[in-house]
Amino acid sequence: MISPSVAIVILNYNGSNYLQRFLPPVLASTYANKRVVVADNASIDDSIEVLQKEFPSVELITLDKNYGFAEGYNQALKQVTADYYVLLNSDVEVTPAWIEPIIELMESDSKIATCQPKILFYYEQHLFEYAGAAGGWIDHLGYPFSRGRVFDVCETDTGQYNNTAPIFWASGAAMFIRSEIFHEAGGFDGFFFAHMEEIDLCWRIQLMGYNIMCVPSSVVYHIGGGTLPKGNTRKVFLNFRNNLIMLGKNLPWNEKIWKFPLRIFLDALFAWKSLLSGFSESFIAVFKAHLAVFKWCISCKSNNKYTRVPMKKMQGVYRGSLIWQHFIKKKTRFSEIVKKNF
């Protein structure tokens, strides 16, 4: 029996050092029916030369400009044919048999559209990594967190989240997705550029009636922060803007009418706290993000054509407030906040 085809697609921008370090383990993956594709986002370093000289077996797609993460993948995946896509960050180190457990699960259930492995921190491999950890969740106000990561606190991996489990969103750092579902859902929202685009896509995929899972028997190690370092004002802008736009696109009206203003208020509190703490750049970034959201609302740039459902009916949603649990009650572990055995 022929295994389904898997295309591992790595979006690269000025990451020749990552390609040299992390492509060999990808090529050594034990899954047989795979192809490895690098889509280059108009890099100005020696990435293309490195690929052509050192990795001739890797397929190369050259994009005409830097489209960012979201639209970069949209453009690249128009040119890739496979049963499954694996969207893999260039700064991820994979383990030999990381593909098989996830494909086996997805092949066993056609309602599973998207999966992620367990993602650990490359430099401290006993810690979960910020971008996804052991599967993404979201609270009822739209704040994302993960099994193993609450805001900036990443837990030590002691096997506490080693069960395969349903989640709200799969990390774009190592996302497995059925190719036909990616295209049917409309791909990523290119307007996002980077940050939150995978959560937005997974939200739409759930609205389509599909499930999203984390498969911790598959393990990868992520450096993280390679494109926009933590604390970067551009990152602050994109996170605040894209999170609000995601809510505007996907919430039903009876939830949007009160959650959207409340989130604007909470964002403003963060901005003023940043200003009073001496971080005026973050204050300005949040203000610019809110202005951009207002402009987006006027233009109505939404690619969600699916019927919205209450968040409480979706998997991977914490019905309480993550802000309250973390900042007021000082809870730092996923298992302290989500009491069910996930």
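This is a predicted model: local features need pLDDT of at least 70, side-chain atom pairs count only at pLDDT 80 or more; totals for chains, interfaces and linings use all residues.
Local features require pLDDT of at least 70 and side-chain atom pairs pLDDT 80 or more, while totals for chains, interfaces and linings use all residues. Numbering runs from 1 along each chain as its sequence is written, and side-chain values use heavy atoms, without hydrogens or water.

A nonpolar core is a set of buried Ala, Val, Leu, Ile, Met, Phe, Trp, Tyr and Cys residues joined through side-chain atoms within 4.5 Å. Buried means under 20% relative accessible area (1.4 Å probe, protein chains only). The largest such core holds 85 residues. Phe 188, Trp 203 and Ile 205 touch the most other members. Helix 7 (residues 233-250) contributes the most, with eight residues; helices are DSSP runs of H or I, at least four residues, numbered from the N terminus. A second, separate core has 32 residues, including Val 6, Ile 10, Val 58 and Met 213.

Helix 7 packs with helix 8 (residues 253-276) at about 170 degrees, with axes 10 Å apart. Axes are lines fitted to C-alpha atoms over the stretch in contact, and angles run from 0 to 180 degrees between N-to-C directions. The two helices are therefore roughly antiparallel (over 145 degrees). Contacts (heavy atoms within 4.5 Å) involve Phe 240 and Leu 244 of helix 7, among others, and residues of helix 8 including Phe 260 and Ile 264.

The axes of helix 7 and helix 9 (residues 280-299) come within 8 Å and cross at roughly 35 degrees. Phe 240 and Leu 244 of helix 7 are among the residues in this contact, as is Trp 296 of helix 9.

Methods:
Buried means under 20% relative accessible area, exposed over 50%, partly exposed in between (1.4 Å probe, protein chains only). Angles under 35 degrees count as roughly parallel, over 145 as roughly antiparallel, 65 to 115 as roughly perpendicular and the rest as oblique.
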